[in-house]
Amino acid sequence: MSTPDSSDTPIVELRNIEKHFGSVIALAGVTVSVHPGECHCLLGDNGAGKSTFIKTMSGVHAPTSGEILVDGKPAVFRNARSAIEAGIATVYQDLAMIPLMSVTRNFWMGREPVRGVWPFRFFDADLAGEITMQEMARMGINLREPGQAVGTLSGGERQTVAIARAVYFGARVLILDEPTSALGVRQTSNVLATIDRVRKSGVGVVFITHNVRHAMAVGDRFTVLNRGKTLGTANRGEVDVNELQDMMAGGQEMASLEGSLGGTV
Amino acid sequence: MSDSVTQSDERVREMSTLRRWLIRPELGSICGTILVFAFFLAVANDSGMFSGKGVMNWTLVSAQFAIIAVGACLLMIAGEFDLSVGSMIGFSGVVIALMSVTWGFPMWIAILTAFAVALVVGWLNGYLVIKTGLPSFIVTLAFLYILRGLTIFLSISATNKTIIGGVRDHAEGDWLANLFGGKILKGLFTWMGENGWIETFSRGNRAGQPVIEGIPMLVVWAIVLIVFSHVLLTKTRFGNWIFAAGGDAQAARYTGVPVNRVKILMFMFTAFCATVFATCQVMEFGSAAADRGLLKEFEAIISVVIGGALLTGGYGSVVGAALGALIFGVVQQGLFFANVESSLFRVFLGGILLLAVILNTYIRRMITGER
């Protein structure tokens, strides 16, 4: 839970990113960097530009202007694949999981291990199952068996499978798009624990959320997005929940609302 | 937290054996097979249904169903339908007969041409479904009519008939034709007949020969296709892609599964199976007819659904589909042996289809936990 260890060079750094869709300015100068082993929380209310920013970072959108640096060197992401090759994996809200299929088959989907010589090259179910069980256990989920269907898992556990999959297949930076937004209290804490584990293994995490409390629970640094701009980045301990909340909402009205609600938001 | 996890784990583990059996796609068809056999053993045992000849009778019918059900099964798991299977059977048969009997090509060229044409049609089906994004139901419905119309047109315009006979003479001694029309293990059956282990003819010019002279290639094809497809589906990387393509095509694409290729290949495989069926049938009857294969697409789909596959894709089993075909064949022939009015077969078919779909939906809910 300390400040980012090791190197001063971020794995990925985005400087002054702007993105225009025709006359709409979705991003008007966003600067964010992620160091190894760091959880960088990106906070913002609906419409602040979070989704556009994720898509720029994961290579789906090309920025209108601004710089992307990978390991300190300028990089251009032509598409999602080139971002993945640079080690930037995105776990979207719909997770890319198939509920009817087993955890193992989902975990390895598209990258199944095989053994034997063609035409007798078979899916190595034992190895796949073993690694899946092991990776899931590292994330704190004890599967009954590798053949358990994803449909039997809770939303938080599915999130964890998706995270474990991205990490196992070489993600250095993991972008999590509101992983806790649809989850209950206990499942949320499971996902936050997963984020903590991933971070400790040296992966940089970009945690997008609009829930300040979730962000405070695991974040090392906090960047607030408002109306397409970064309002600044603060280290852990430099800000408190209320300050972040105010920055996200853009000030006064939230303060008065909060007063009338007795600090429950 | 960890305590409660292990506790709930143990509680689940207690019932997991039962549950694991319940969520196997084959369960329904295994129960169905047992019930059907029990029923006919009780009702029609003395009718000759379970004599050597009777067994061969319903085995052949079941094998026919199985050949097309296997193709339809993999395609359905990949998330698509093919309603043109029946028309494909008629079309391939007529192509073989026209090529060999009418136009005088060697039989093996005729058969290979039929397979080539079928694969192209299968590819076209798949390509159109993928490119247009239309439901495969509509695209293959179009081909149901296109192929049937072409079949009748070809056969009428080339021979003025809708039935083309004389195939058997042309198939005589052809290496490839024997792969579809012959029988294997004849020596074994003769030997078993000589030893009195199986029934032999007691009179006539075939006296002393076994009543069943060998295993028809139709049955061999059915078994080969079942084993091949089962291994492909459950034991290979490609099999995982079939499940993934049908389970959620978008999610599969996200993770790098070549969904389009998988689906098109499955359309081609279905057409291949239909042509195997057609070739065996042409060799058996010695003729091709433009109306062959009518309604076979539905029989294939029913077998697959009885076998536990979901109509929505992503879930199913080849073994289940094969058992579905067996139930199908045994009931159809069994009602004949039991002297039941054969029209009742359709009533049974509709009933069991409904039952299977309800059971499958329930099982799906159990797996995915949706309510």
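**Entry: chain A overall.** I kept in mind that this is a predicted model. I counted 9 helices and 12 strands in chain A. Its radius of gyration came out at 19 Å, close to the 18 Å that the globule rule gives for 265 residues, so chain A is as compact as a globular protein of that length. I then took the extents of the C-alpha trace along the principal axes and got about 65 × 45 × 40 Å. Buried residues are 46% of the 265 in chain A. For contacts between residues at least 6 apart in sequence, I found that 69% join residues at least 24 apart.

**Entry: where chain B touches chain A.** How many residues does each chain give to the contact? I found 25 from chain B and 19 from chain A. On the chain B side, helix 1 (2-22), helix 11 (237-247), helix 12 (249-254) and helix 16 (344-368) each give two or more residues.

**Entry: helix 11 of chain B and its neighbour.** I next checked how helix 11 of chain B packs with helix 10 (residues 217-235) of chain B: the angle is about 80 degrees and the axes are 5 Å apart. With 65 to 115 degrees counting as roughly perpendicular, the two helices are therefore roughly perpendicular to each other. L232(B), L233(B), T234(B) and K235(B) of helix 10 meet F238(B), G239(B) and I242(B) of helix 11. I noted 4 nonpolar, 2 polar and 1 charged residues in this contact.

Note on methods
Residues numbered from 1 in each chain as written. Chains lettered and ligands numbered in written order. Predicted model: local features only at pLDDT ≥ 70, side-chain atom pairs only at ≥ 80, totals over all residues. Contact = placed C-beta atoms within 7 Å. Helix = DSSP H or I, 4+ residues; strand = E, 2+ residues; numbered from the N terminus. Axes fitted to C-alpha atoms, helices over the stretch in contact; angles between N-to-C directions. Parallel < 35°, antiparallel > 145°, perpendicular 65-115°, else oblique. Nonpolar A, V, L, I, M, F, W, Y, C, P; charged D, E, K, R; others polar. Rg over C-alpha atoms; globule rule 2.2 N^0.38 Å. Buried ≥ 20, exposed ≤ 12 C-beta atoms within 10 Å, placed from the backbone.
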